[in-house]
Amino acid sequence: MSQIVVEDLVKVFHVARRTPGLWGSVKGLVKRDWSAIRALDGVGFSIDRGELVGYIGPNGAGKSTTVKILSGILVPDSGRVTVLNCTPWADRIRYVRRIGVVFGQRTQLWWDLPVIESFDLLREIYAIAPDRYRRSRDEVIDTLDLGGVLHTTVRQLSLGQRMRCDLAAALLHEPELLFLDEPTIGLDAVSKLAVREFIGRLNKERGLTVILTTHDMDDIEALCRRVIVIGEGRILSDGTLAALRAGVTRERWLTVDLADDAALTVADPDVRLIRQDGRRVYLAFDPQRVSAPELIARVVRNHAVHDLFVENPPIEAIIARMYGRDASETTPG
Amino acid sequence: MTPYRAVLSSRFRMLLQYRAAALAGIVTQLFFGIVRTMIFDAFYRSSRVQQPIGRDDVVTYIWLGQAFLMLTILDADRDVAEMIRGGNVAYELVKPVDLYWLWFARAVSGRAAPLALRAVPILALAAFWHGLRGPASVTGAILFAVALAGGLLVAASLVAVMTISMVWTISGEGISRLMAPLVFFFSGIVVPLPLFPDWMQRGLAALPFRGLIDTPFRIYIGQLHDASALAALANQAVWIVVLVAAGRIMLARSLRRLVVHGR
Amino acid sequence: MRLKPGSLSLYWRYFDVSLRSQMQHRTSFALSATAHFVVTGAEFLGLVALFQRFGQIRGWELTHMALFYGIISVAFATAEAAARGFDIFPRLIKSGDFDRLLVRPRGAALQVLGQEFQLMRVGRWAQGFLVLGWASWHLHVYRSPANLTLLVLAIAGGACLFAGLFILQATLCFWTTESLEIVNCTTYGGVEAAQFPLTIYRPWFRMFFTFVIPLAAINYFPAQAILGLDDALGSTRTIQWLSPLAGLGFLLICLRCWRSGVRHYTSTGS
């Protein structure tokens with residue numbers, strides 16, 4: 001059963017252009033130039049109940065615009081959106097009661113209050129019945145292991161603790177749908193794993209639909225079976241992560257720091273030279289054709305190598321690829 | 001000299017961007033000018049007693065006050081305050097510049113830009129609509145310009161002290177927030193200083209705040225001329241030197257404490 | 001602003017939270033409140049000094065001015081303390097935190113209101129109250145319970161009016177964060193102008209502050225009834241008694257504007 005249906009979503013922003021220099025500033029006093037930015041240019045997808053979907057794309061691609069529209073706090077210029085059988089922005093207050101949103105960078109808790117009091121205040125705001133609240137609160141405290149920090153002021157929490165509390169806060173009113181915007185940003189490795197594990201459990205055990213917006217590919221790999229890629233306002237890919245990877249990201253990158261100023265000659269059909277910057281050489285290779293260890297051995301055998309490392313191309317490179325652009329235009333590393 | 005000039009000009013240009021703000025500011029200041037003129041008009045018509053300053057001069061004083069209002073609104077540099085609150089002020093030391101003059105330059109341009117945008121339109125409108133009179137004499141006009149520049153420097157040095165007091169002590173922010181309305185009041189912008197009670201005049205003359213707008217305005221209307229004008233300018237200069245010295249000492253001490261103790 | 005059954009208790013909750021948070025910094029609060037008291041007191045003393053020089057202003061004495069001053073100060077301080085959330089609204093928009101308020105199932109206005117209650121404004125409140133008390137005693141206002149009631153109504157109407165102005169200022173934020181200074185004309189400018197009786201101003205000014213921003217309705221006109229005077233501008237006792245309602249009416253209009261502002265925000269984004 002489709003819980004979220006989005007069709008032909010369009011959103012255009014108008015931004016004033018600023019000309020540099022003193023003359024530009026004086027001119028700006030009298031006349032302003034406006035440029036139109038198509039943040040969303042015909043976006044469409046549908047999500048079923050219980051799915052855990054990753055929503056990825058480079059900065060400025062339209063991710064947060066989509067999430068804002070789905071949260072009911074932004075009205076699109078055209079297109080249709082139906083979430084939980086409502087149009088989000090049409091009856092905001094009634095709709096918003098059924099969803100939860102976590103913005104990674106900013107906390108929704110009250111800075112000077114102990115965590116538990118923030119929870120109580122949210123209970124008041126969401127008008128949750130006392131016994132339902134007690135049950136739901138105790139459950140999130142238990143699952144997220146917040147017993148130790150309940151009486152600490154939010155100001156004093158570490159980033160990882162704060163994120164767990166923010167997650168708990170978003171679940172107190174038992175939403176049917178959860179939007180997570182960069183939930184693991186800035187977290188240390190341990191907290192990242194804890195948060196990831198919790199989100200996965202929420203989705204599996206409660207059947208909570210989760211939409212995860214993130215830059216962290218490890219989050220995606222750990223949690224999402226389905227990934228929607230958005231770039232420059234359009235959906236570039238919508239399917240399983242495996243399909244995405246298979247279609248575009250089969251290539252991996254090998255970066256080599258040579259010990260002397262020699263050109264790296266690689267006469268190999270499975271390896272492509274992206275570029276060479278002095279002693280640093282960037283190679284792209286297909287791991288299905290030549291394995292990483294084999295390629296490394298080959299390179300080391302034929303050249304004096306100071307250091308090297310292997311990595312996946314970043315999401316930006318993947319998106320660039322999807323446009324058919326040459327990957328050498330993007331900087332690896 | 002160049003980094004400070006760069007700071008001055010870039011901030012100036014940045015503040016020029018805010019044209020809507022400038023327009024709003026001009027309208028607001030016109031309003032206050034009109035209201036205060038009406039109030040003092042009513043006062044003067046209610047009494048035949050000779051006052052230390054005539055009605056027309058008061059109106060001139062009020063309109064000059066609105067034109068040069070930015071000299072009386074002193075608060076600690078907000079960006080620097082943000083940095084201090086975030087504990088990042090030590091990073092400022094990484095810059096190869098004298099921190100005091102950097103902040104001083106910021107204070108100067110922070111006032112000069114809005115001033116430049118607002119003073120001319122307000123003076124023009126006041127001249128056309130409310131009969132703003134010209135300076136009392138040519139020498140008066142020249143000394144007025146000098147006194148205005150002096151007022152700008154007094155303002156900047158006061159702002160520098162307020163900003164530095166935030167690094168100096170933990171309650172520095174509260175101190176500058178308390179100082180701001182007092183400076184405003186004792187600058188003469190609401191009640192022209194000549195109209196303060198006689199017994200306060202000597203005390204007011206001793207404060208640096210009169211150097212902000214009262215000195216230039218009194219020169220303009222001719223109440224201070226020749227010797228007395230030069231004495232007032234000298235007073236401005238003395239205060240500038242004192243405030244700059246105090247600011248530099250405070251900053252040096254605070255930075256030393258910062259570098260040694262990290263706090 | 002939708003007033004649902006839970007709204008009042010939520011408002012009270014917000015107030016409680018803000019109170020406790022500010023009481024954590026007790027000394028800082030005490031210092032701010034005292035400083036505020038001193039500064040506003042100095043402003044009043046400046047006016048006293050002017051009266052000492054000029055004796056009176058168009059037939060009005062210092063005691064009359066003190067009554068006007070007291071009413072407007074207490075009303076303004078109440079609005080400053082209670083509607084502070086709207087005063088700092090630009091910050092909320094700039095940081096993007098307003099979006100978070102919109103994701104909650106409550107009216108935006110109520111939540112903005114609950115953001116902060118600036119209790120240190122009690123400094124101006126106390127100072128205005130003292131001046132008002134002195135004026136009331138001198139003018140024998142306290143002798144009549146009817147007059148005292150009207151006094152309270154005038155202050156309440158004034159608080160509503162200034163709250164409305166703060167809401168209007170916040171509503172402007174949806175279109176620009178730059179030109180907010182212009183509202184100072186009506187808030188700080190209004191306070192300064194209303195300290196004096198309306199009769200000293202030009203006709204166009206009187207019209208504006210009676211019919212556009214009804215400052216006169218919450219200060220000058222009720223004061224005529226309280227002082228038992230015949231209004232030179234021609235208002236009747238009935239008008240003078242009913243005029244504080246204009247403050248409430250103004251507030252309701254401002255809330256209307258606020259709502260269309262929120263609609264504009266959600267259709268254009270930040």
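How are H2(B) and H5(B) oriented to each other? The legends below take up this pair first, in a predicted model.

**View 1. Two helices of chain B cross.** The axes of H2(B) and helix H5 (residues 99-130) of chain B come within 10 Å. They cross at roughly 40 degrees. Angles under 35 degrees count as roughly parallel, and 65 to 115 as roughly perpendicular. H2(B) and H5(B) are therefore oblique to each other. Their crossing is right-handed.

**View 2. Residues meet where H2(B) and H5(B) touch.** H2(B) brings Ala22(B), Gly25(B), Ile26(B), Gln29(B), Leu30(B), Gly33(B) and Thr37(B). From H5(B) come Pro114(B), Leu117(B), Arg118(B), Pro121(B), Ile122(B), Leu125(B), Ala126(B) and His130(B). Sorted by class, this contact has 9 nonpolar, 5 polar and 1 charged residues.

**View 3. Chain B touches chain C.** Chain B gives 29 residues to the contact, and chain C gives 32 residues. On the side of chain B, helix H2 (19-45) and helix H7 (172-186) each supply at least two residues. Which helix gives the largest share of this side? H2(B) does, with 15 residues. By class, the side of chain B that touches chain C divides into 22 nonpolar, 6 polar and 1 charged.

**View 4. Three strands of chain A form an open sheet.** The order is E2-E1-E4. The pairing is antiparallel. Strand E2 (33-48) and strand E4 (78-83) of chain A are the edge strands. Each of these two pairs on one side only. On average, neighbouring strands of this sheet are turned by 25 degrees against each other, direction ignored.

**View 5. Strand E1 of chain A pairs with E2(A).** E1 covers residues 2-17. How many bridges join E1 to E2(A)? There are 13 bridges, and the two strands run antiparallel. Look for Val5(A): the bridge partner of Val5(A) in E2(A) is Ser46(A).

**View 6. Chain A as a whole.** Chain A holds 11 helices and 13 strands. It has 333 residues, and 35% of them count as buried. Now take the contacts in chain A with a separation of 6 or more. Residues 24 or more positions apart account for 70% of these contacts.

Notes: Residues numbered from 1 in each chain as written. Chains lettered and ligands numbered in written order. Predicted model: local features only at pLDDT ≥ 70, side-chain atom pairs only at ≥ 80, totals over all residues. Pairing = 2+ DSSP bridges. Helix = DSSP H or I, 4+ residues; strand = E, 2+ residues; numbered from the N terminus. Axes fitted to C-alpha atoms, helices over the stretch in contact; angles between N-to-C directions. Contact = placed C-beta atoms within 7 Å. Nonpolar A, V, L, I, M, F, W, Y, C, P; charged D, E, K, R; others polar. Buried ≥ 20, exposed ≤ 12 C-beta atoms within 10 Å, placed from the backbone. Parallel < 35°, antiparallel > 145°, perpendicular 65-115°, else oblique. Left-handed = near helix turned anticlockwise from the far one by under 90°.
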